[in-house]
Amino acid sequence: MTTILQELQSYLRQHHHASLTQLEQDLHIDVDVLRGMLDRLVRKERIRKTVGKKCDSCHSCAPETIEFYEWTGCKEN
């Protein structure tokens, strides 16, 4: 799982922010597994969760149903 977690961190560092759906599609990781890893990174203050933003490419979802995660810029320990 550590390798997947590192891949997730690298993705968010590179893209700066992503929706849960984007992460699922691009990294091919189950949503429930992703949420666990994302929660861990939130607790470590490496990322933050934001709700209510719009995707860049889609405007059909209600903003309150979209989960976004942003890289905070904190260094890994």
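**Reading the model step by step**

Tutor: Happy to, and keep in mind that this is a predicted model. Let's start with the rings: by the pairing rule, the count of aromatic pairs comes to zero.

Student: How is a pair of aromatic rings described in general?

Tutor: By two things, the distance of the centres and the angle of the planes. Here there is no pair to describe, as the count is zero.

Student: Which residue lies over the face of tryptophan 71?

Tutor: Arginine 13 does, at 5.2 Å from the ring centre.

Student: Let's turn to strands. How do side chains sit in a regular strand?

Tutor: They alternate between the two faces of the sheet. Take strand 3: Glu67, Tyr69 and Trp71 are on one side, Phe68 and Glu70 are on the other, and all are buried. Both faces are covered, then.

Student: Why is strand 3 described as largely enclosed by the rest of the structure?

Tutor: Because five of its five residues, 67-71, are buried.

Student: Which strands are joined to strand 3?

Tutor: Strand 1 (residues 17-19) runs antiparallel to strand 3, and three bridges join them. Serine 19, for instance, has phenylalanine 68 as its bridge partner. Strand 2 also runs antiparallel to strand 3, with five bridges between them. There, lysine 49 stands opposite tyrosine 69.

Student: Which residues touch the most other members of the largest nonpolar core?

Tutor: Out of 17 residues, they are Leu8, Leu12, Leu23, Leu34, Leu38, Ile47 and Tyr69. Helix 1 (2-15), helix 2 (20-27), helix 3 and strand 3 each supply at least two residues of this core. The largest share, five residues, comes from helix 3.

Student: What is leucine 12 in contact with, leaving aside its neighbours within four places in sequence?

Tutor: With His17, Ala18, Leu23, Leu38, Ile47, Tyr69 and Trp71.

Student: One more residue, please: is arginine 46 buried or exposed?

Tutor: It counts as buried, because its relative accessibility is 7% and the cut-off for buried is under 20%. You'll find arginine 46 in the loop between helix 3 (31-43) and strand 2 (47-51). Its side chain makes a polar contact with the side chain of glutamine 9, at 3.0 Å.

Student: And how far apart are arginine 46 and glutamate 70 in space?

Tutor: They are 8.6 Å apart, C-alpha to C-alpha, while in sequence they are 24 residues apart.

Note on methods:
Residues numbered from 1 in each chain as written. Predicted model: local features only at pLDDT ≥ 70, side-chain atom pairs only at ≥ 80, totals over all residues. Heavy atoms only, no water. Phe/Tyr/Trp six-rings, centres within 6.5 Å; stacked < 30°, edge-to-face > 60°. Lys NZ or Arg CZ within 6 Å of the ring centre and 35° of its normal. Helix = DSSP H or I, 4+ residues; strand = E, 2+ residues; numbered from the N terminus. Buried < 20%, exposed > 50% of the residue type's maximum accessible area, 1.4 Å probe, protein only. Polar contact = N/O pair within 3.5 Å; in protein donor to acceptor, adjacent residues only side chain to side chain. Pairing = 2+ DSSP bridges. Core = buried A, V, L, I, M, F, W, Y, C linked by side-chain atoms within 4.5 Å. Contact = heavy atoms within 4.5 Å.
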